[in-house]
Amino acid sequence: MEFTVDTDKARLDVARIHRYLGEESTWALGIPRETVDRAIAHSLCFGGYVGGAQAAFARVVTDQATFAYLLDVFVLPEYQGRGYGTRLMDAVMAHPGLQGLRKFMLTTTTAAPLYARYGFTPPAMPEALMERAFADMYRQPRDR
């Protein structure tokens with residue numbers, strides 16, 4: 001079957017995206033559905049489909065002028081090993097709103113070779129990067 005990618009949020013299987021992120025990902029375990037809904041609403045999202053079924057997903061937080069951050073990239077396990085991750089990234093990198101950016105960032109612990117093919121490298125000045133990070137954010141009791 002043909003693999004297609006588009007940015008139509010109406011086609012996204014948000015329940016499946018939430019299930020993957022909350023139960024199978026290494027970075028967002030326990031994420032609430034409401035958080036996924038809000039993240040999708042405020043991001044440029046890419047759905048990858050096989051025969052109309054959601055097979056892959058990526059989202060980009062961006063101003064579409066100077067900066068973008070790629071995250072929540074996945075191919076569902078039953079679709080892995082078929083080149084869909086590469087085709088999803090081809091679509092992300094070709095998107096008109098993501099051209100000519102001063103900075104395009106991502107974080108990965110598992111797919112550096114894939115992203116390197118698209119020009120992503122370790123930061124030139126890692127000492128200049130700062131973050132405010134909360135490990136296991138969605139699996140901890142919160143006072144907020």
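Let me start with S25, which sits in the loop between α1 (14-24) and α2 (33-41), helices here being DSSP runs of H or I with at least four residues and strands runs of E with at least two, numbered from the N terminus. This is a predicted model, in which local features need pLDDT of at least 70 and side-chain atom pairs count only at pLDDT 80 or more, while totals for chains, interfaces and linings use all residues. Residues are numbered from 1 along each chain as its sequence is written, and side-chain values use heavy atoms, with hydrogens and water left out.

S25 is buried, at a relative accessible area of 3%, where buried means under 20% with a 1.4 Å probe and protein chains only. Its side chain reaches the backbone oxygen of L21 at 2.6 Å, and a polar atom of that side chain of S25 lies 3.0 Å from the backbone nitrogen of A28.

L21 is itself among the buried residues of α1, which also include V14, I17 and Y20, and the cover over the buried residues of α1 includes α2, β3 (53-62) and β4 (67-75).

Turning to β3, we find 7 of its 10 residues buried. β3 runs antiparallel to β2, joined by 7 bridges, and β3 also pairs with β4 in the antiparallel sense, over 6 bridges, pairing requiring that DSSP finds at least two bridges between two strands. In the hairpin of β2 and β3, with 2 residues between the strands, G51 takes a positive phi near 55 degrees; in the hairpin of β3 and β4, with 4 residues between the strands, Q64 takes a positive phi near 55 degrees.

Terms used
Buried < 20%, exposed > 50% of the residue type's maximum accessible area, 1.4 Å probe, protein only. Polar contact = N/O pair within 3.5 Å; in protein donor to acceptor, adjacent residues only side chain to side chain. Contact = heavy atoms within 4.5 Å.
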